[in-house]
Amino acid sequence: MTIFSKEVIEDLYVGLDELRAKYIDLMPRFSFGKFSNEKAREYAAHGFSRRLGTMVRCIENVFAILPPEKENIPSRDEVVDVQINLQAFIFNIFGSLDNLAWLWVSEKEIKKENGSPLPGKLIGLFVKKSPIQDTFSDEFQNTLNEFRPWYKQVEDFRHAL
């Protein structure tokens, strides 16, 4: 007997199909988008897009290794392979968010008040009191604030890894 109902399993597979479709729609916007400078394009194409593809692949791998309809206890190798994919997924969440922050700083040419480059520790979507926070719309700042508890939870999980 599976631990998930038939309806939940169907929903999980619908979500998996939607994930691939959303990735296919989003990826070219970053990989081939028009950016004001080469550094921003690099963060978009070689940073965010690559990481997004890796995260999608991690999810697909977990489904392949441990499908939700699986009834028997997974082998040790299956458990380790799922752990590898989940850890890669978590680390790429942070990398992709960092890539987006660096893309923004590069695209908007955000610098310190004296015109020097921002130090890396001030660049991040969730870095409090960062100069980049002021360059976001109020709506985007509100959205980030709504996601702050999620970010903290994932950050704590990452530290445990």
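Residues count as buried when their relative accessible area is under 20%, as exposed when it is over 50%, and as partly exposed in between.

**Figure 1. Overall view of the predicted model of the protein chain****.** By the definition above, 32% of the 161 residues of the protein chain count as buried. The secondary structure comes to 4 helices and 0 strands, and the elements follow one another from the N terminus as α-α-α-α. Taken along the principal axes, the box filled by the C-alpha atoms of the chain is roughly 65 × 35 × 30 Å.

**Figure 2. Helices and residue classes in the lining of the largest pocket****.** At least two lining residues are supplied by each of α2 (38-65), α3 (76-108) and α4 (138-160), with α3 giving the largest share, 6 residues.

**Figure 3. Close-up of a nonpolar patch on the surface****.** The patch is formed by I3, F4, V8 and L12, which together have about 360 Å² of accessible area. Within this group, F4 lies in the segment before α1 (6-31). F4 has a relative accessible area of 34% and is therefore partly exposed, since this class covers values between the limits of 20% and 50%.

Technical notes
Residues are numbered from 1 along each chain as its sequence is written. This is a predicted model: local features need pLDDT of at least 70, side-chain atom pairs count only at pLDDT 80 or more; totals for chains, interfaces and linings use all residues. Side-chain values use heavy atoms; hydrogens and water are left out. Ala, Val, Leu, Ile, Met, Phe, Trp, Tyr, Cys and Pro count as nonpolar, Asp, Glu, Lys and Arg as charged, and the others, Gly among them, as polar. Patches are made of residues with over 30% relative accessible area and no salt bridge: like charges are joined within 9 Å, nonpolar side chains (Val, Leu, Ile, Met, Phe, Trp, Tyr) within 5 Å. Accessible areas come from the Shrake-Rupley method with a 1.4 Å probe; for residues, only the protein chains shown count as cover. A salt bridge is a side-chain nitrogen of Lys or Arg within 4 Å of a carboxyl oxygen of Asp or Glu. Buried means under 20% relative accessible area, exposed over 50%, partly exposed in between (1.4 Å probe, protein chains only).
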